[in-house]
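Subject: Structure for you to look at

Dear colleague,

I am handing over the structure we spoke about, with the sequence alongside. Please open it first, and then read the notes that follow.

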Amino acid sequence: MKTPAGPTAPLARSSAPEPGRTAASGTRVAWGPVALFCLLWSSAFAGAKFGLRDCPPLTLLTIRFFLAAVVLLALAAWQGTPSRPSWREVGLLALLGVLNNALYLGLSWTGMLTVSSAFTAVLISTNPLLIGVLAGPVLGERLTARKLGGLLLGLAGVALVLRSRLGGMHEDPHGVWLVTGGLAALVAATLLYKRCPPVSGLWLATGVQALAGALALLPFALLREGGQPIAWTPTLFWSLAYMVLAVSVGGYGLWFHILRRSTATAASALHFLMPPLGLLFGWLALDEHVAAMDLLGILPIAAGIWLTTRGPMNKRVSR
């Protein structure tokens, strides 16, 4: 399963239906939560860009993850957990937190110092295509002709956007490589989650991952950015509040709500909207340049992801 730009941590198993299994018969998700989830998820990179104006990226992420961990673990304590997680479970969640939070967001946010939030959202949204390629050797999932066609379509769309951005000198190549590294970390975390899914509750699992991400980033933030000033402006406070409450807590809460009431395939279809919405937020909030080729590239990306994720997801082929 994918996650754009925000604390894109894989969801832990709880009362949600298994991937590929139909939810309760006749149950539908109201359009209100669906629309709100799409807006929160796709706006995460633009919201981060505001905070990066006043605070270095690793420092900002460290503060964000510590605050998110406090809120999420408090929610877990309030909700109550049936059993204490084992040390193996804690270790798995910590590794997922390092991949999803420290590496994925640390690299992509650092890359956003020199590339636009819209481009970052588009590049990160291609992670289903990479997962489709790696799911066979790692998870034993079969790569069908339909999925292969979707991968080729998606890669063609990415090539169009990259050609437009790099050829027109809109993006810095170093920043592109950093965002690509963040994408690789997100893909690795998703595959690890599918291979070894956590059994802890939603709030506990995401809270531990947020705390692990903060602890992993703290020494790097102190070494690289310890002497850099932080401007404690209202914009920074609003950016932090939005990323912690709206994205880390609200976004995951809505995603869990949607998963409980629909199949994983239907829920994943929402991510088709993330690239165009990411470009829209970058244009509206930050006045970032959006070229016609960017919009043209979105079409095969969305079609490719749709073809790749159609049908039951995460279904293993018996070995």
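Of the 319 residues in the protein chain, 54% count as buried; please keep in mind throughout that this is a predicted model. The chain holds 13 helices and zero strands, so that, read from the N terminus, its elements run α-α-α-α-α-α-α-α-α-α-α-α-α. Among the contacts between residues at least 6 apart in sequence, 93% join residues at least 24 apart.

Much of what I noted concerns how helices pack against each other. Two packed helices are described by the angle between their axes and the distance between the axes, and I give both for each pair below.

I begin with helix H4 (residues 87-111) and helix H9 (residues 202-225), whose axes come within 7 Å and cross at roughly 60°. That angle makes H4 oblique to H9, and the crossing by which H4 passes H9 is right-handed. On the H4 side the contact is made by Val90, Leu93, Ala94, Leu96, Gly97, Val98, Asn100, Asn101 and Ala102, while H9 contributes Ala205, Val208, Gln209, Ala210, Ala212, Gly213, Ala216 and Leu217. Sorted by class, the residues of this contact of H4 with H9 come out as twelve nonpolar, five polar and no charged.

H4 also packs with helix H3 (residues 57-79), here at an angle of about 140° and with the axes 9 Å apart. H3 and H4 are therefore oblique to each other, and their crossing is right-handed. From H3, the residues Pro57, Leu58, Leu60, Leu61, Arg64 and Phe65 meet Asn101, Ala102, Leu105, Gly106, Trp109 and Thr110 of H4. The contact of H3 with H4 has eight nonpolar, three polar and one charged residues.

At 37% relative accessibility, Leu103 counts as partly exposed. Leu103 and Gly181 are 78 residues apart in sequence, yet their C-alpha atoms are 8.0 Å apart in space. If neighbours within four places in sequence are left aside, Leu103 is in contact with Val98, Ser108, Gly182 and Ala185.

A further pair is formed by helix H6 (residues 127-139) and helix H8 (residues 173-195), which pack at an angle of about 45° with their axes 10 Å apart. That makes H6 oblique to H8, and the crossing of the two is right-handed. Here Asn127, Leu130, Ile131, Leu134, Val138 and Leu139 in H6 meet Leu183, Leu186, Val187, Thr190, Leu191, Lys194 and Arg195 in H8. By class, the contact of H6 with H8 has nine nonpolar, two polar and two charged residues.

Helix H2 (residues 44-52) is mostly covered, since eight of its nine residues are buried. Those buried residues are Ala44, Phe45, Ala46, Gly47, Ala48, Lys49, Gly51 and Leu52.

Finally, a word on the cysteines. How many disulfides does the model contain? With a disulfide taken as a pair of cysteine sulfur atoms within 2.5 Å, the count comes to zero disulfides. Cys55 is buried, with a relative accessible area of 4%, whereas Cys196 is partly exposed, with a relative accessible area of 25%.

With best wishes

Key. Residues numbered from 1 in each chain as written. Predicted model: local features only at pLDDT ≥ 70, side-chain atom pairs only at ≥ 80, totals over all residues. Heavy atoms only, no water. Axes fitted to C-alpha atoms, helices over the stretch in contact; angles between N-to-C directions. Helix = DSSP H or I, 4+ residues; strand = E, 2+ residues; numbered from the N terminus. Parallel < 35°, antiparallel > 145°, perpendicular 65-115°, else oblique. Left-handed = near helix turned anticlockwise from the far one by under 90°. Contact = heavy atoms within 4.5 Å. Nonpolar A, V, L, I, M, F, W, Y, C, P; charged D, E, K, R; others polar. Buried < 20%, exposed > 50% of the residue type's maximum accessible area, 1.4 Å probe, protein only.
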